[in-house]
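Me: I am new to this structure and would like to learn how to read it. Could we go through a few of its features in turn?

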Amino acid sequence: MKFEFCKILFEDKNGMLCAGAFGAPDCCIPVSDVRVAGGDIPSPSPAKQPFAADALRLEEVHREDGRLTIVQGNALCRVTTRFEPFGGAVRVCANVENVSAHDIVLENVSILNVSGFASARRGNTYLYRFHNSHHCECQPRRLSFDDLGMFETDNRTFRRIGGYNAGSWSAKEELPQAIIEDAEHEKFLFFQIESCGGWDWEVAEGCAGALYLSLSGGTFARGGWKKRLAPGKQYFSRCAALCLGTSLNGIVQEMTHYRRLTANFSAADAELPVIFNEYMYLSWDSPEEARTRALVPLVAAYGADVYVLDCGWHDDVDEEKIYPYVGKWRESRLRFPHGVRAMTDYIRSFGMKAGLWIEPEVVGARSGEEYPEDAYIRTNGERVLVAGRYFLDYRHEEVRRRMGETIARMVEEYGAQYIKIDCNQDCGVGTEVASDSCGEGLEQTTQAFLDWLDAQRAKYPDVIFESCSSGGMRTDWQSLRGSSVFSASDQVLYRKFPYIIGNIFSAALPEQAAFWSYPVVDGKYEPRDGRPSDDEVAVNMVNGIMGRMHLASDLGKLTPQQTELVRLGVAKAKQLAAFRRTAVPWLPFGFARFGDKKAAVGLMDEKKMLLGVWSLGVTQFDVPLPRQVSECSVFYPAEDAVSVRAEGKTLHLRFESNTATVLQIVFADF
């Protein structure tokens, strides 16, 4: 559905500009809003974010090249809201200028307020919240507004439905995105807040019982954010994006188009190489030279394009857990007696690129590395210390200089052509150093880190930089926009991965979301007796084929038949590179849920679909498709893995066991 500004923007008789998604709005809330400290909040509940003492009035409207700029103002500030269309979605940003003669303190900037949800009954209006955490990333759940406590009282309610984050893990509990569904009229709204740090959204009652949606970056009420503006100074908000549609799949596809249009990916990753990483079910955090030297020719024979040495290539610490010692980022001669460069050269001699891991935002408390005191994230006069590590403030020149030298050493001295950027701790509410508030400090430091990372990508255009944050703890579009490959999860149980794969394309692009494929697991996380079965290998490879494959585990323990299963899976993953860059998701069963007996997710273009299907407890079921089927064949692993019968827009599947397959479907109307 094409996004048209004129269908959502309304001007009331008092000159206030409002936005309404599903119908004419209640116009007591302007399209953007600012809360200034000391103002008389008109709502009896100050918790509600978009209400300001002196409402913004419309001053100017500009349209140029499809873009819309709205200027609103009052006696204290002027707010400029910019709408920019990208396909069927729109990106919205706001900036606030102090037009008064004295300092003002901002406590919230509502990037966008959208009304117009009153056309449907609340028991038939639904919210999809994207719950998120370690090993269970991207888990949307659908509940009605009524179930969430937004009752129709015929008077007024102070109840809010909302989500927020304070900390450098932007998605540690929930993704900064959600979907609102008007089931009565088959309308959907999908929004995301693009912030690697503080973000806040809420749905609540405005005037006359009408509901609104308000999107913000950090807020004073829930993130300790405030910003002091001197006369004539400006504040630029985070951005938000939203799209409207008539189906769940439709709006997920529209947001996919938006992300693709706004992404800034490295050309070094254009071929979408298959990556082998020693970490999962193999070296964990203790790689060492002899093991790597034995693995490299084996991995190359399977067809991998990149070989990554994960945590442990650095620091001469003979400890099982080295994390409190990280920070020097110099090669470990204990683990690699001949040096890391000898190993990366060895990897290259087999036709693969060499990769190294790093956590550039932390320094271990036992590392012996010291920075100036104002170069650390600090609260209440002390450095923030989490899991034995301090956090670095990338606004500080010394941090940028030394960590820039580290990346240079990894690339130029150690020979890294692929760098895995990880982030395994959350710094908390932010920093008080050189900030009006910890929340403002968080906003500035996360932006400074991303700016530094962009500079490294520009300096080394031939190096692929992976984004990882203990799995998917930074699944926000501000972080992911520049990350051509993104580690979606560190889930260690391969049969639970489909529940993440089935949803993650609602939050990241098919060409960037990477999934672990570890055909040989040990007994660390689940009982293990002997070799893996062929079905285990097949499920792991389907997991990897449906995203950017992160191959792992001790592949030397496979049988000859299983070796061929892995080699074929790698080849199939590489075969999909061009298709993946243009495909959009299809969710045949809607969003996946942990514990489901089946799971499926498709990637499709105008001609065909690649459909990943997992049998996880039931071996016979149907899969609905969006269009008539002309041809259907097994793409992986083999024709006898599943019995398939196509009938109209439905696939009838029967598996012989609990396993997985990838089907290739050609549409009849192409």
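Me: Which two strands form a hairpin with five residues between them?

Reply: Those are β14 and β15, and Ala 208 in the turn has a positive phi of about 55 degrees. Helices (H or I, at least four residues) and strands (E, at least two) are DSSP runs, numbered from the N terminus. This is a predicted model, in which local features need pLDDT of at least 70 and side-chain atom pairs count only at pLDDT 80 or more, while totals for chains, interfaces and linings use all residues. Residues are numbered from 1 along each chain as its sequence is written, and side-chain values use heavy atoms, with hydrogens and water left out.

Me: How many bridges join β14 to β15?

Reply: Two strands count as paired if DSSP finds at least two bridges between them. Strand β14 (residues 199-205) runs antiparallel to β15 and is joined to it by six bridges. Within this pairing, Val 203 stands opposite Leu 213 of β15. Strand β8 (residues 104-115) also pairs with β15 in the antiparallel sense, over five bridges. There, Ser 110 has Ser 216 of β15 as its bridge partner.

Me: Which way do the residues of β15 point?

Reply: In a regular strand, side chains alternate between the two faces of the sheet. From β15, Leu 211, Leu 213 and Leu 215 point one way, and Tyr 212, Ser 214 and Ser 216 the other way. All of these are buried, where buried means under 20% relative accessible area, exposed over 50%, and partly exposed in between (1.4 Å probe, protein chains only). Since six of the six residues of β15 (residues 211-216) are buried, the strand is largely enclosed by the rest of the structure.

Me: How many residues of helix α9 are buried?

Reply: Eight of the eight residues of α9 (residues 497-504) are buried, so the helix is mostly covered. Among them are Phe 497, Tyr 499 and Ile 504. The buried residues of α9 pack against several elements, including β10 (139-144), α10 (534-545) and β33 (608-615).

Me: Which cysteines does a disulfide join?

Reply: A disulfide is a covalent bond between the sulfur atoms of two cysteines. The cut-off used here is a pair of cysteine sulfur atoms within 2.5 Å. A search of the whole structure finds one: Cys 93 is joined to Cys 239, with an S to S distance of 1.9 Å. Cys 93 lies in strand β7 (residues 89-98) and Cys 239 in strand β17 (residues 234-245), so the pair ties together parts that are 146 residues apart in sequence. The link of Cys 93 and Cys 239 is right-handed, with 95 degrees about the S-S bond. Cys 93 counts as partly exposed at 21% relative accessibility, whereas Cys 239 is buried at 17%.

Me: How many helices and strands does the protein chain have?

Reply: The protein chain has 12 helices and 38 strands. Buried residues make up 63% of its 670 residues. Its C-alpha atoms fill a box of roughly 75 × 65 × 45 Å, taken along the principal axes.

How values were computed: Contact = heavy atoms within 4.5 Å.
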